[in-house]
Amino acid sequence: MKIKFLFLLPLLVLTELVVAQQLFMPLNIRKAYDNNTRAMDGKPGAKYWQNKASYKIDMQVDLATREVSGTEKIDYTNNSPDTLKFIRVKLAHDLWKKNAVRAFEINTADLTDGVDIQQVSINNRITEAEQYNRGNTFLNIKLYTPLAPGESVNLGINWSYIAAQSKGTPRECVCDSTTWFLAYSYPQVAVYDDLHGWADTPYSGLQEMYNDFSDYEVRITVPANAMVWATGVWQNPDEMLESEFLRRYNTAQKIEDVVSIFTQEDYKNKRQFFKKGNNGTHSFVYKAEAVPDFALAFSDHFLWDATTITVDAKTGRKTLVSAAYNPDSKDYYEVCRVAADGLKLMSTWLPGYPYPYPRMTVFNGDDGMEFPMMCNDVSTFPRSPVGLTVHESSHTYFPFMMGINEQMYAWMDEGWAAFFDVLVTDSVAGQPQGSLRDYPTFAGTDIDMPPMTPSRNLAYQSYRVASYNRPQAAYMNLYQMLGYKRFHKCMVEYMDRWKGKHPQPFDFFNTWNDASGENLDWFWKPWFFDWGYPDLAVQGLSQKGKKASIVIENMGTMPMSAYGEIEYADGSKETFKRTAEVWKKGNKTISIPLASGKMVKKVTLGDPHVSDANPGNNIWEKK
Ligand SMILES: [Zn+2]
């Protein structure tokens, strides 16, 4: 239909009532508030608790058989008010068992018998196999004496598995025969929390982390010419590195320029990086405190660049940032600088919170996957490496520093990483690079599930849309609406309250309501709880006496930014920006006043940072 110069009738007759919103709170979450483990203002409750583990791991790899094996001792403390009859341990590599349930196809050559558990001990007493059950990527160890509140137990586990070798293996890789990235490689105690008890989401390859904050001391034995990069701080460089390389490593920890620690030249000249190991192997020791996971990678032919940045101006705290990469990966020569610049921006701008760890290594694996202090990132050449580097390293904040349960609420972490990667990427690259993910294609379809749907219940495409695309669009609208200052205040408050803990959605909503000074439930509900889609349209012109305005209609269900441009008949142009709050009162239309005495020629709605499901109704032209 041709829209003419219309006199639109009941535009502003809509009630000015703010429709009272109520966010549905599942009953098990309500119970946490009754029990005071969480508080209604969004803070951790007076009785908040979480359990804790300390790991001592000794592991090795066999390049010929691709076997990863290890022994570990876990001190696990029960801080819950419940008595635990068993301890649940995650065996992620049971994903590769012949009959495992998997979200992805895998190459049948990679099928294995899963994790081989050779021995389990409880407080140093070696158990019979009857003492533990297996299934769904879990090992449940029945305790001889139930673990009362406040008590600790020591578990010992000897294990091994065969690493998958196919390209495209999720999260980890045997990238080449002497370069591996090891993920989820040790039996790890599952989370027992105040909302769900023992986390029971089997690992299917799709839903990612939910881990408690643990201390790690890990000894890793690899072939004597290989370097190991891992979560934590390397404890024994002095005894391992030859003096020239030790000098470079120490220099990199002092200066803000990128230092090439292992260079192409060194490899060409067959330089010896390491002092002689025993029997063709050597052992690295890494330690990390209060991190939700441990990952490692090794290679005998990767280049290594490193630099140091100050991540907290107040305390002067520094972080050593590294890139370890295949000399053939052309984009990787700038990754160390990119990662360092990205972390600096994240520490000071968005989210604007000091990077929490002493190390970050971006390792040239073949995925895009985050771990505490480690990224497994494929070479993006010929594309720029900025977006991927920023995305994966921004995950440090969510789900690591903030211990998000991605198996239930992946939007609380992937949505943020997707939000940061757009804005921070543009800044690091110095030009617009990042764009919003494609939410419009999926918005309002029956795979566009409200993000509050537990992530574990979503199949691949719905999981992607609910965890990345839709929450990214929501956070962008939130950012535009609150403005940097208010947004940052809410973010810092949220992080101060919940870092090192396990926030769930209502802790997020309530903290932001509290810190922004405004009940934003009217925004949260349509974006996170309801079916729907974002769609604005230019409805036409409205003339009231001498005052003309352009009318924007919200045809969809989401409060969203109305950004656009007005072009006048005399060739002049003006932009307008209204943020989501203009829809707060439940109105379906807004008016944008036109410059008086000017004839309007064309109105165009839209912005690269606004998702609109139907761009077809975003242009109005005077005919
Ligand atoms: Zn991500």
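Cys336 is buried, at 1% relative accessibility. The sulfur of Cys336 lies 12 Å from the closest cysteine sulfur, that of Cys375, which is too far for a bond. The structure is a predicted model.

**Cysteines and the disulfide**

- The count of disulfides comes to one.
- A disulfide is a covalent bond between the sulfur atoms of two cysteines.
- Here the bond links Cys173 and Cys175, with an S to S distance of 2.0 Å.
- The link between Cys173 and Cys175 is right-handed, with 45° about the S-S bond.
- Cys173 has 4% relative accessibility and so counts as buried, the cut-off being under 20%.
- Cys175, at 17% relative accessibility, also falls under 20% and therefore counts as buried.
- Cys375 takes part in no disulfide, and its nearest cysteine sulfur, in Cys336, is 12 Å away.
- A disulfide requires sulfur atoms within 2.5 Å, so the 12 Å between the sulfurs of Cys336 and Cys375 rules out a bond.
- Cys375 is buried, with a relative accessibility of 0%.

**Helix α5**

- Helix α5 covers residues 335-348, which is 14 residues.
- Cys336 is one of the buried residues of α5; the others are Val335, Val338, Ala339, Ala340, Gly342, Leu343, Met346 and Ser347.
- These buried residues pack against three strands, namely β20 (303-312), β21 (317-325) and β22 (359-363).
- They also pack against the helices α6 (386-394), α7 (396-401) and α9 (414-429).

- Thr179 belongs to strand β10, residues 179-182.
- With a relative accessible area of 0%, Thr179 is buried.
- The side chains of Thr179 and Asp176 make a polar contact of 2.9 Å.
- Another polar contact, at 2.9 Å, connects the side chain of Thr179 with that of Ser299.
- Leaving aside residues up to four places away in sequence, Thr179 touches Cys173, Val174, Phe298, Ser299, His301, Phe302 and Phe363.
- Cys173, one of the residues touched by Thr179, is also a partner in the disulfide with Cys175.

**Strands β15 and β19**

- Strand β15 (residues 227-230) and strand β19 (residues 296-299) run antiparallel and are joined by four bridges.
- Ser299 in β19 is the bridge partner of Met227, and the side chain of Ser299 makes the polar contact with Thr179.
- In a regular strand the side chains alternate between the two faces of the sheet.
- In β15, Met227 and Trp229 point one way, while Val228 and Ala230 point the other way.
- All of these residues of β15 are buried.

- Strands β6 (residues 132-135) and β7 (residues 138-147) pair in the antiparallel sense over four bridges.
- Gly135 stands opposite Phe138 of β7.
- The hairpin has two residues between its strands, and Asn136 takes a positive phi near 55° there.

**Domain assignment**

- The domain assignment gives domain 1 as 11-18 + 532-621 and domain 2 as 51-206.
- The centres of domain 1 and domain 2, taken over C-alpha atoms, are 54 Å apart.

Methods
Residues are numbered from 1 along each chain as its sequence is written. This is a predicted model: local features need pLDDT of at least 70, side-chain atom pairs count only at pLDDT 80 or more; totals for chains, interfaces and linings use all residues. Side-chain values use heavy atoms; hydrogens and water are left out. Domain bounds come from an automatic or database domain assignment. Two strands pair if DSSP finds at least two bridges between them. Buried means under 20% relative accessible area, exposed over 50%, partly exposed in between (1.4 Å probe, protein chains only). The expected span of a helix is 1.5 Å times one less than its number of residues. Contact means heavy atoms within 4.5 Å. A polar contact is a pair of N or O atoms within 3.5 Å; within protein, one must be able to donate a hydrogen and the other to accept it, and residues adjacent in sequence count only if both atoms are side-chain atoms.
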